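Me: I would like to learn how to read a model feature by feature. Where do we start?

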Amino acid sequence: MTRLSVSRSERGDVKPHFDAFEVETGPAATVLDALLQVRRDQDRSLVVRHSCMHASCGTCGVRINGREMLACDSKVASLPAGKPIKVEPLAGQRLVADIATDMADFYARFEAAGMPPVRVSEAPAGAEPPAGIKAFARFEGCIECGLCLSACPVARTNRDFIGPAALAAAARLVDEPRGRDPGPVLALAAEPDSVWRCSDAMECTAVCPSAVDPAQALLRIRRRVAADGVRRLFRRG
Amino acid sequence: MPKQVGPLDRKPDAKAKKPAGAKPSRSGGRARETAKPAAEKPAAERASSSAALPARSAPTADAAPTPGLPARSAPHVLIIGGGGTGGALAHDLALRGLRVTLVERGEVTSGSTGRHHGLLHSGARYATTDRPTAIECSAENKILRRICPGSFEENDGLYVALTDEDAAYADLFLEAAWQCAVPAKRIERDAALRMEPGLNPDLKFAVQVPDATMDAMRMPLRFFATARSHGAQIKPFTEVMAVTMSGRTVTGVTVRDHAAGREYEIGADIVINAAGPWAGRVAALAGATVPLVLTAGLMVAVRGRHCNTVVSRLRAPDDGDIVVPQRASTIAGTSSWIVEDPDDMGVPPDRVETIVGDGAMLVPALAGAEIRATWTAVRPLVGEGPAGARRKGAKNGRRVGVGVGAGAVAAAGAAAGATPDGREIGRGMRCIDHAHDAAPTEGFVTIVGGKATTLRAMAEATADVVCARLGLDCRCGTADYVLLPHTAWYTA
């Protein structure tokens with residue numbers, strides 16, 4: 001038997017409360033499976049975001065026992081048995097209801113970086129595209145789940161901080177411009193509430209379900225911004 | 001991100017859309033029989049809104065519609081179901097100038113849409129068994145690449161022959177593909193291995209086709225975003241509790257907004273049931289039935305990108321015949337078995353092993369890769385529905401893609417309970433105007449069947465039926481309308 005303690009709130013509620021549920025789950029069940037089972041069998045009103053079920057769409061990000069995770073990517077069996085699994089919405093975002101967050105804030109930042117969703121594929125090694133395909137393509141690693149923004153200690157206190165996902169996207173565009181001018185994203189990174197606000201807590205990289213490593217990306221773009229600044233200084237002098 | 005959003009500059013590329021050996025229109029050569037009876041009963045009878053529409057509602061191919069908000073007097077269409085079909089339909093109807101409201105019980109794309117493996121069909125898969133679907137996929141594949149730039153990994157697909165039996169199937173396969181306007185070509189073993197070093201080196205040869213991988217959520221989100229920019233109201237977490245009726249005429253729905261914890265009614269001139277596998281339940285709320293057979297497709301995602309092209313087995317459609325790369329993962333699929341409950345989330349462990357094993361026949365690295373996720377998606381296939389609810393031929397609606405080859409046989413077989421896996425049921429769509437049911441229901445239309453690849457065509461067919469029923473003369477503008485990026489769904 002899997003026990004869940006799920007944060008609940010409707011639009012207009014000032015403070016959430018927790019509801020307890022118990023469901024029978026199989027050995028391979030994920031926290032998302034358990035939540036959907038609750039919605040199907042016990043409480044139709046549970047508001048939960050989900051779509052792909054395989055860590056590709058990024059919609060089911062929540063905090064599980066206080067840690068940012070994709071609900072579809074967290075096996076019930078991997079969590080400590082004997083106490084209820086605590087499920088809360090991501091931090092620092094507006095709430096739709098219950099454990100579903102409104103991603104408008106996240107996407108406003110993310111969109112500012114303007115990263116095209118498709119990149120050049122790096123694997124498998126030695127693959128030669130056929131005539132008619134210039135380079136094999138693949139979707140970017142970032143699945144826009146917002147876990148990094150929720151886990152970031154700076155974003156929690158400074159609402160204006162552009163945050164790890166957007167800066168990692170900016171760094172990707174500098175790494176692989178795909179015909180674009182990286183100037184605007186470098187300017188974005190050089191803004192006051194951008195790379196210089198990061199405190200190197202590395203929480204973003206710790207919670208990223210897609211191995212994007214926003215912390216390293218941020219360091220990379222920060223070095224670039226710094227180098228550009230020094231160059232400008234000398235040019236002026 | 002697309003450089004241009006909105007109507008494309010019209011280039012005379014009709015040639016590209018007209019495959020040799022077949023005469024599909026954009027709608028895949030479907031019969032238009034439902035339009036006629038609908039025209040005989042104009043919407044005026046239903047005491048609804050005016051049949052006149054704002055200027056942009058009658059776009060021609062030469063003058064694509066200019067977006068704006070619908071007129072207050074425009075008819076109001078309510079769509080139940082926020083999957084790809086519902087989203088594409090909201091976009092289509094909004095572009096034609098109608099007022100649109102879409103309700104979805106969960107997040108948009110949270111049903112079958114988001115869960116599929118992401119194959120943008122070239123059409124080759126169905127060329128030998130379900131020709132109308134193959135032709136439609138081929139046409140829609142090109143259209144979607146044009147209106148959703150940036151939403152696909154455009155790396156083509158390889159059908160791999162591993163056995164003598166596979167090799168013997170090749171001629172039939174190639175011929176059928178060409179007949180359906182799918183540009184398929186045979187490539188030799190070494191060329192295939194240069195393209196895909198991770199292929200099973202024992203392959204005999206391969207057939208290259210223009211498959212691609214789509215982002216199963218973000219591509220449909222672009223339809224939702226664009227629909228909303230044209231005034232469509234999209235309401236996630238809003239579940240239909242009842243269909244309101246006046247006699248045998250549907251007048252709207254009662255919904256529960258789970259996020260706000262309140263119930264309310266929404267009136268509509270026409271209600272469209274686009275609930276996918278849940279379409280039978282929604283129809284039941286209106287006292288109608290839908291010829292639906294649900295089959296579960298099992299998929300397994302493993303870590304690591306082990307190929308770039310979509311790799312399929314060169315044989316008739318079967319379990320474990322496809323490997324789809326997606327981002328940094330690789331997905332093996334699928335299996336098929338008939339299910340009763342669309343909310344059934346069961347994943348039989350023995351089938352997982354089989355699917356991975358079958359995938360590893362094509363791309364051996366799958367065998368040793370770490371499994372990231374296992375899940376099922378439920379396909380809402382057009383069958384003959386629950387026993388006793390069998391319909392009489394195409395009279396009840398537009399019947400598409402079930403009429404050729406295995407499809408027709410399968411539909412009959414399903415009703416007799418003779419199909420344990422539902423694999424041979426056609427993948428065609430069916431748009432049903434329930435006014436033509438044996439026990440008619442007015443103002444209620446259902447769209448079922450189809451593929452993720454054909455979402456736009458399904459929307460076009462349904463919107464045509466809706467407009468005919470409302471007595472409106474307005475044409476579809478979606479085939480040449482570049483959609484907003486998916487991020488606009490959140491930020492606009």
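**Reading the core, the sheet and the contacts**

Reply: Start with the core. The largest nonpolar core has 215 residues, and Leu167(A), Ala170(A), Ile80(B), Ala90(B) and Ile272(B) touch the most other members. Helix H12 (residues 455-469) of chain B gives the largest share, 10 residues. Keep in mind that this is a predicted model.

Me: What general idea stands behind looking for such a core?

Reply: In soluble globular proteins, nonpolar side chains tend to be buried together.

Me: Now the domains. How is chain A divided?

Reply: Chain A is split into domain 1 (2-101) and domain 2 (104-236). Their centres, taken over C-alpha atoms, are 28 Å apart. The contact takes 13 residues from domain 1 of chain A and 14 residues from domain 2 of chain A. On the domain 1 side, 5 residues are nonpolar, 5 polar and 3 charged.

Me: What are the overall figures for chain A?

Reply: Chain A has 8 helices and 9 strands. Its C-alpha trace spans about 65 × 50 × 30 Å along the principal axes. Of its 237 residues, 46% count as buried. Take the contacts in chain A between residues at least 6 apart in sequence: 58% of them join residues at least 24 apart.

Me: How do I read a sheet?

Reply: Strands of a sheet pair through backbone hydrogen bonds, either parallel or antiparallel. Then look at strand order. Here an open sheet of 5 strands in chain A has the order S2-S1-S5-S3-S4, with mixed pairing. Strand S2 (17-23) and strand S4 (67-70) of chain A are the edge strands, each pairing on one side only. Neighbouring strands of this sheet are turned by 35° against each other on average, direction ignored.

Me: How many bridges join S1(A) to S2(A), and do the strands run parallel or antiparallel?

Reply: Strand S1 (residues 2-8) of chain A is joined to S2(A) by 7 bridges, and the two run antiparallel. Take one residue: the bridge partner of Ser5(A) in S2(A) is Ala20(A).

Me: Which strands does H1(A) lie across?

Reply: H1(A) lies across S1, S2, strand S3 (61-64) and strand S5 (85-88) of chain A. Helix H1(A) runs at about 95° to S2(A).

Me: How many residues does each chain give to the contact between chain A and chain B?

Reply: Chain A gives 47 residues and chain B gives 47 residues. Helix H1 (31-41), strand S6 (95-97), helix H2 (104-113) and strand S9 (137-139) of chain A each supply at least two residues of the chain A side. H2(A) gives the most, with 5 residues. The chain A side divides into 27 nonpolar, 11 polar and 9 charged residues.

Me: One last residue. Why does Asp228(A) count as partly exposed?

Reply: Count its neighbours. Asp228(A) has 15 other C-beta atoms within 10 Å. A residue is buried at 20 or more and exposed at 12 or fewer, so a count in between is partly exposed. Asp228(A) sits in helix H8 (residues 214-236) of chain A. Asp228(A) and Leu186(A) are 42 residues apart in sequence, yet 9.1 Å apart in space, C-alpha to C-alpha.

Conventions: Residues numbered from 1 in each chain as written. Chains lettered and ligands numbered in written order. Predicted model: local features only at pLDDT ≥ 70, side-chain atom pairs only at ≥ 80, totals over all residues. Contact = placed C-beta atoms within 7 Å. Helix = DSSP H or I, 4+ residues; strand = E, 2+ residues; numbered from the N terminus. Nonpolar A, V, L, I, M, F, W, Y, C, P; charged D, E, K, R; others polar. Pairing = 2+ DSSP bridges. Axes fitted to C-alpha atoms, helices over the stretch in contact; angles between N-to-C directions. Core = buried A, V, L, I, M, F, W, Y, C linked by C-beta atoms within 7 Å. Domains from an automatic or database assignment.
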